[in-house]
Amino acid sequence: MGIILEEKLAMGIELLRIFTHLKHELIIETLDKHNIPYSYHSASTAKGDVIEIKIILSRREREAVLEILRSVSPELNYTIEDIRQSTLHKPKPIYKRVFP
C-alpha cells in the first residue's frame, strides 16, 4: 500500500540513467535545449563503446523528461533509480519545526 501511495504522490527524486551508442550528440543537444542538467561519460562493454547519461530529477518531472527524450530516440534504453538523499536536490520543508 505504501509503495502505491508513494508512486501516486510523485514525491522524491530519481536518477535516470540513459545508455546509448547512437544519437548521443542529439540527446545531449536536446537536454541542453530544454535546460535539463545532466552528466555523461563513455564506457566500454562486451558489445562496444556506449555513452551513459545521468540525470537527477524529481518524480514529477520524470514523464515530461522521458517524453522529450523519446521524441529524439524512441528506442531509448534507460533505468530509473530511487534516490533517498542527495546534496543536489534538497527537499523543501513542509513545515518549520521549532524545538524548545
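1. In this predicted model, strand 1 pairs with strand 4 (residues 77-83) in the antiparallel sense, over seven bridges. Within this pairing, Arg-17 stands opposite Thr-79 in strand 4.

2. Strand 1 also pairs with strand 3, again in the antiparallel sense, and here the pairing runs over eight bridges. Phe-19 has Glu-52 of strand 3 as its bridge partner.

3. Is strand 1 mostly covered or uncovered? The strand is mostly covered, since six of its eight residues are buried. Ile-18 belongs to strand 1, which spans residues 13-20. Ile-18 counts as buried because its relative accessibility is 0%, and the cut-off for buried is under 20%.

4. Which residues does Ile-18 contact beyond its neighbours within four places in sequence? They are Ile-51, Glu-52, Ile-53, Ile-55, Leu-69, Leu-76, Asn-77 and Tyr-78. Leu-69 lies 51 residues from Ile-18 along the chain, and the C-alpha atoms of the two are separated by 9.7 Å.

5. The second largest pocket holds about 170 Å³ of space. Strand 1 and strand 3 (48-58) are the elements that give two or more residues to its lining, and strand 3 gives the most, with three residues.

6. The lining of the second largest pocket comprises 13 residues, and those nearest the centre are Phe-19, Thr-20, His-21, Leu-22 and Asn-77.

Technical notes: Residues numbered from 1 in each chain as written. Predicted model: local features only at pLDDT ≥ 70, side-chain atom pairs only at ≥ 80, totals over all residues. Heavy atoms only, no water. Helix = DSSP H or I, 4+ residues; strand = E, 2+ residues; numbered from the N terminus. Buried < 20%, exposed > 50% of the residue type's maximum accessible area, 1.4 Å probe, protein only. Contact = heavy atoms within 4.5 Å. 1 Å grid on protein atoms, 1.4 Å probe; cavity = no way out; pocket = protein on both sides within 12 Å on 5 of 7 lines; lining within 4 Å. Points joined across faces, edges and corners; volume = space filled by probe spheres on them. Pairing = 2+ DSSP bridges.
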